[in-house]
Amino acid sequence: MTTKLFVDSDVIISSLLSSTGAAFLLLNKLDTVQPIISNYSITELELVMSRLNIDNTKLEQLLKNRLQVVQINQPILTLKQKYQKYVLDPNDAHILAAAIESKSSFLMTYNIRHYKIDAIKKDFKLIALTPAMFLQYLRSL
Amino acid sequence: MFNDQKSFKVYTPEQVAELLQLSKNTIYDLISKGEIVAKRIGKVYRIPASSISFAFSGLDYDLYQAEQKDLKQLETIESELAKARSIISSK
């Protein structure tokens, strides 16, 4: 069975910057998980990659070979209003919204402290972990 | 916190038993199976901190190292991401 993981953009960027980091291992070395991002993720990833001078073809390859994209049609403002009680920074709301919309079991992020993980787990059965914590979890199965 | 300085520290099987809340016999058993890597010096064993990384970081040592590699760049990434999200939100 494939486990759905919604992947925050900090993890995607980390995987593009280091081929030995936990984010890269998560996205490139596991075939039992389906990593997912959203249309909003792509927009912000392109902005960040441009500012950090990261070759865009790396993301294109990841999109082609590994990532599934969930389309979120609601405006950001609506998502902020809907999910603001679950995030410390309302600008992160679209990540949570897409993770829930994609019916992911896990949210992979390095920004765990910005999400109210206990409430998210309770209300949406969505568990937020760092890539290394998730890989450690897999070893315990 | 599991840092580079601690990674050079070594522990006795008794200390590891206490850290991991296991019996001393279980530790010797895990050493003989190779699940805990130890160095035999004469008749005694010493266990490097990297073999029991989980006790310090919640992660096996290889995963701890992999996470540290990502964390080196994380401050820059989070800062740029916050700016990008601010731009997207204002549209």
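**View 1. Helix α3 of chain A and its span.** The expected span of a helix is taken as 1.5 Å times one less than its number of residues. In this predicted model, helix α3(A) has 13 residues and reaches 19 Å from its first C-alpha to its last, close to the 18 Å expected at 1.5 Å a residue. Its buried residues are A:Tyr40, A:Ser41, A:Glu44, A:Leu45, A:Val48 and A:Met49. Within chain A they pack against α1, β2, α4 (56-65) and α6 (93-101), and in chain B they pack against α5 (61-90). After the helix comes A:Asn53, whose phi is positive, near 55 degrees.

**View 2. The parallel sheet of chain A.** In chain A, 5 strands form an open sheet with parallel pairing, and their order is β3-β2-β1-β4-β5. The strands β3 (68-70) and β5 (127-129) of chain A stand at the edges, and since each has a single partner strand, one side of each is left without a neighbour in the sheet. Neighbouring strands of this sheet are turned against each other by 35 degrees on average, direction ignored. Helix α3 (residues 39-51) of chain A packs on the sheet, where it touches β2 (33-38) and β3 of chain A, and the direction of the helix makes about 75 degrees with that of β2(A).

**View 3. Strand pairs within the sheet of chain A.** Strand β1 (residues 3-7) of chain A is joined to β2(A) by 4 bridges, the two strands running parallel, and here A:Thr3 stands opposite A:Val33 in β2(A). The pairing of β1(A) with β4(A) is also in the parallel sense, over 3 bridges, and A:Phe6 has A:Leu107 of β4(A) as its bridge partner. Strand β4 (residues 106-108) of chain A is in turn joined to β5(A) by 3 bridges, again with the strands running parallel, and A:Leu107 stands opposite A:Ala128 in β5(A).

**View 4. The contact between chain A and chain B.** The contact takes 28 residues from chain A and 20 residues from chain B. On the side of chain A that touches chain B, the elements that give two or more residues are α1 (9-17), α2 (22-28), α3 and α8 (131-139) of chain A. The largest share of this side, 6 residues, comes from α3(A). By residue class, the side of chain A that touches chain B divides into 13 nonpolar, 10 polar and 5 charged residues.

**View 5. The antiparallel sheet of chain B.** In chain B, 3 strands form an open sheet in the order β1-β3-β2, and the pairing is antiparallel. The edge strands are β1 (10-11) and β2 (39-41) of chain B, each of which pairs on one side only. Between β2(B) and strand β3 (residues 44-48) of chain B there are 3 bridges, and these strands run antiparallel. In this pair, B:Ile41 stands opposite B:Val44 in β3(B).

**View 6. A loop residue of chain A.** A:Leu88 lies in the loop between α5 (76-83) and α6 of chain A. A residue with 12 or fewer other C-beta atoms within 10 Å of its own counts as exposed, and because A:Leu88 has 12 C-beta neighbours inside 10 Å, A:Leu88 falls in that class. In sequence, A:Leu88 and A:Tyr115 are 27 residues apart, whereas in space they are 6.2 Å apart, C-alpha to C-alpha.

Note on methods. Residues are numbered from 1 along each chain as its sequence is written. Chains are lettered from A and ligands numbered from 1 in the order in which they are written. This is a predicted model: local features need pLDDT of at least 70, side-chain atom pairs count only at pLDDT 80 or more; totals for chains, interfaces and linings use all residues. Two strands pair if DSSP finds at least two bridges between them. Axes are lines fitted to C-alpha atoms, for helices over the stretch in contact, and angles run from 0 to 180 degrees between N-to-C directions. Two residues are in contact if their C-beta atoms, placed from the backbone, lie within 7 Å. Ala, Val, Leu, Ile, Met, Phe, Trp, Tyr, Cys and Pro count as nonpolar, Asp, Glu, Lys and Arg as charged, and the others, Gly among them, as polar. A residue is buried if 20 or more other C-beta atoms lie within 10 Å of its own, exposed if 12 or fewer, and partly exposed in between; C-beta atoms are placed from the backbone.
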